[in-house]
Amino acid sequence: MNKLENRNGNPVYKTIIYIVCIFLTVLSLFPFIVMVINSTRNTPQIQQHAVSLIPSNHLAQNWAVFNGKTFDPIRGFFNSLIISSGSTVCTIYFSTLTAYALVAYNWKLRNPFFTFILCVMMIPAQITSIGFYQFMYKIHMTNNFLALILPAIAAPQCVFFMRQFMLASLPLELLDSARIDGSREFNTFNRISLPIMKPAMATQGIFSFVFSWNQLFLPSILLTNNKLYTLPLMVSQLKGDIYKVEYGAVYLGLTLSVLPLFVIYFALSKYIIAGVALGGVKG
Amino acid sequence: MKKVLALALALCMVFSFCAMSASADGKATINVMSFTDEVPGMIAKYMEAHPDVAEKYDVKTTIVATTDGLYQPALDQALSAGGAEAPDIYCAEAAFVLKYAQGDAAEYAAAYEDLGIDVAAATEAADIAQYTIDIGTRPSDGKLVGLGYQATGGAFIYRRSIAQDVWGNDDPEFVAEKIGAGSGNWDKFFEAAAELKEKGYAIVSGDGDMWHAVENSSPTGWIVDGALNIDPAREAFLDLSKQLMDNGYHHDTQDWTEGWFADMQKNGGVFGFYGPAWLINYTIAPNCGSDDNSSYGDWAVCTPNIGFFWGGTWVLASKYVVGSEKADVVADIIKWITLDCDETSLQYYWANGTLNGEGGTKDTVASGTVMAMSNGEMEFLGGQNMFDVFVPANQYANGKNLTQYDETINTYWRDAVRQYTSGALSRDDALNAFKQNVADNLDVEVN
Amino acid sequence: MTLQKNKTFSYAKYGYLFSLPFIIAYLVFHLYPIIYTAILGFTDCKGLGNTNWHILKDDLWKNFRTILNNATFKTSLKNTFVLWIMNFIPQIVLALLLTAWFTSKRNVIKGQGFFKVVFYMPNIITAASVAILFNVLFGYPKGPVNDILVSLGLRSDAYYFTNNATASRWIIAFIQFWMWYGYTMIILISGVLGINPEIYEAAEIDGANDWQTFWQITIPNLRTILTYTLITSMIGGLNMYDMSKMFNNGNPNNSTLTTSVFIYNQAFAGSYMYNRAAAASMIMFVIIAFFSVIVFYLMRDRKS
């Protein structure tokens, strides 16, 4: 912006950037703060003043509400973990594999297949949920986690992302030299490509895990056995009583259901900080 | 990396298959489906009291919250599928009970008499409020398929100190007279509102407080012969709400929002709320404020100008139970919850707040017989026995103006009314917007 | 040479083989439900647990016509586009700005790793919880925002945000914007990192400033990723459900009703008109596909 700026940058310009960034940080953290503080407040306090920055002392009381309800955070956590990690692993692994097929090999239907993926990327998954549910019901896959895990194998958006990353980061010569060493194709993929793909896999892994963890509509119609409920489903149950909603417990539940996401997110966040390079070539 | 992935996948598979396998210890299972833990909690108490039954039957509870509209699709699917997973006992809330007792899903319900319950004698002995029977009766064969345990007839719940300040009298009979108790109209209510306004008080918090009274006192419901029907009493709500708004007789809050809850405190400046007993226990009491700002003990209930009811849960059994080995047990559980009226019946515990030990919240129940045996005195109401007002209130309630679309249609109606009172739409435009919504979103004719 | 050719040929089968899991899963779990939904749109399937439905032989397109003539559907369609544009434009602008800031070699921002991590965080909470939180924030006549406005003297009385069409739309657009700009930024930064650094070095030698570098190098080279962002955002935005449903149930006066909520209402809010819901879903699919193709066409790499 300024012809005079040097490598250290323009202090005014940088100050503006910091102010904007700090403002956005406050905005981003705000709901989490509200959530955590509200889990220490009781229902009337929340009903009277939904947003407060002063914690109260009703945490134990809110926790006690869970005992009376079918809220079992441990079980819910494991159910959610199985579904989310299962579907994330499926999405990441098979999307990378599909992207590999698109990048590493020269096959006749390669371009038509890529066009196909671009097309189906546009089909929104939500609108077909009626059909999906009826189908799962017919083949007796309701109350089965696989109904929520296996569809994740086909994730067109993730394939696209992986392909772009692979184009930029996977040197094909490496594959050739592996072949000369006698490595078999599937092994080459697992041993050589996957490690290179780590940053992209981590980034997509976060997106996919968060999406799967927070899913509510499909699990709620597919899982009717409360032993199989996911954590967010259990939280939505807490609001179920029409006349008497225990808001303190709801917020505590929300906080609990976000905690695991935080752990995963921060564990993988170094890849977000470093960033992943995506190839811009369309091919 | 590969090993980790493989392990993770394998673990997923194992876990999901383990999770599927049901308990197979030879006991029969009673499936219960509900939207809160209230009825499942009752059934657990029943099992505690009947170890012989608990020995033979497992109870499998499925609770799906009504929030986000999830309960009904789940219940519908389970009912239409049948089989071993089908619910044996299920619950329906006032907002959608019609669908299960009289509407699209009524065919899945078992008639109480087919379970071996002597309906006529039992309802007579328990003195069950007529409106709960009306709602639970299936029109196709005239048989009773569902009953509630609560009675949710409404009263006017007001602040004693404000009545004292304005009229120098806080007696329930005096206040009832002031708001035109039993008159069936709103004339005296608005006179009282004007007097309260002079002293700086609002008679109600928002128009939602009035709506429940209007809704359930109208002679006809939203649908008549498959077509939308705007009962004159309900249409008048547009004008009543506008009148409240234009004169500043309320605080223009929306029910279940911060402003509404805050109006229950001592400094809230609101005279009263229309509601059933549960509104006192579940909503007003926890929100009455604390310390200097507490309205605890400052409340009383009186007969409302218009009879109505609000909410309630109905208990149904599915048709799959009839003739099965479970029929007797299911019948006995349902009878214990909805019809029994001795001192070990659910309703007796419920009315006296003793289901989970002494000191629980007291509530009005469907059986008049139980209410007569119970004590409705509450410190929160300055020692008033609330049953004196609520028992007759249940008789005023009318169960014949409900339709299975009420929940949806009410949402459209309340928004249209808000548009009109806030001045965003004219009266005609608001009515048209409402009709348009019903026509476009529901399978209902609009003329 | 022949050997080489044979080799390529023999490797080609792996292309098919490795794509197979994706294709099978897609056909079974995605395509079948889509076709099923499409077929429902041509039937009389409505009502609860209805297994006895038929194709509408005498008037095949009846449901589609009903939906296209449905005033509420048209309103919801308009809202959906308006809400998406209202959130997408600020979102992409801010995301591009942050991308430019965080990838600038000249003005290195300290703590940018922290900012990147934090900006994505709103996306971690479920949309439904966020919608409810914001509904409470903008409560009337009492709510944190109104309390602040009144106590600062900016307004003499509380403002009924959720009863005003424009205000409600801006709030929803803001929430969407706020939830997704971090995600968009992460994707865009990835795109920039993929641009050959030599191009930047050449530009620097030529004395280009940040502004010029951004417009003349970053944006043109980011085209594929921008297309990706635009299309995924459009798919997400045009399918917005939770926000509209949970913030104010599409009110006031249907001004925040999206097509997804409309479809849900057709299917579940009382009348179980699965056929009409399916027809509306298919109409939405055609609309989204149409716009995606246009975006692809406009953003295509003209060199190749």
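**Model.** I worked from a predicted model.

**Domains of chain B.** I looked up the division of chain B and found domain 1 (26–151 + 311–352) and domain 2 (155–308 + 378–441). I then took the C-alpha centres of domain 1 of chain B and domain 2 of chain B, which lie 31 Å apart. For the contact between them, I noted 14 residues of domain 1 of chain B against 13 residues of domain 2 of chain B. On the domain 1 side, α5 (97–101) and α7 (130–136) of chain B each supply at least two residues.

**Chain C against chain B.** I looked up this contact next: 27 residues of chain C meet 30 residues of chain B. On the chain C side, the elements giving two or more residues are α3 (71–103) and α12 (259–268) of chain C. By class, I have 11 nonpolar, 14 polar and two charged residues on that side.

**Nonpolar core.** The largest nonpolar core has 307 residues. I listed those with the most contacts inside this core: B:A101, B:I157, B:C302, B:L316 and B:V330. Helix α7 (residues 165–193) of chain C gives the most to this core, with 16 residues.

I followed up B:L316 from that list. Leaving out residues up to four places away in sequence, I find that B:L316 touches B:Y90, B:A92, B:Y100, B:A101, B:A109, B:V145 and B:G146.

Conventions. Residues numbered from 1 in each chain as written. Chains lettered and ligands numbered in written order. Predicted model: local features only at pLDDT ≥ 70, side-chain atom pairs only at ≥ 80, totals over all residues. Domains from an automatic or database assignment. Contact = placed C-beta atoms within 7 Å. Helix = DSSP H or I, 4+ residues; strand = E, 2+ residues; numbered from the N terminus. Nonpolar A, V, L, I, M, F, W, Y, C, P; charged D, E, K, R; others polar. Core = buried A, V, L, I, M, F, W, Y, C linked by C-beta atoms within 7 Å. Buried ≥ 20, exposed ≤ 12 C-beta atoms within 10 Å, placed from the backbone.
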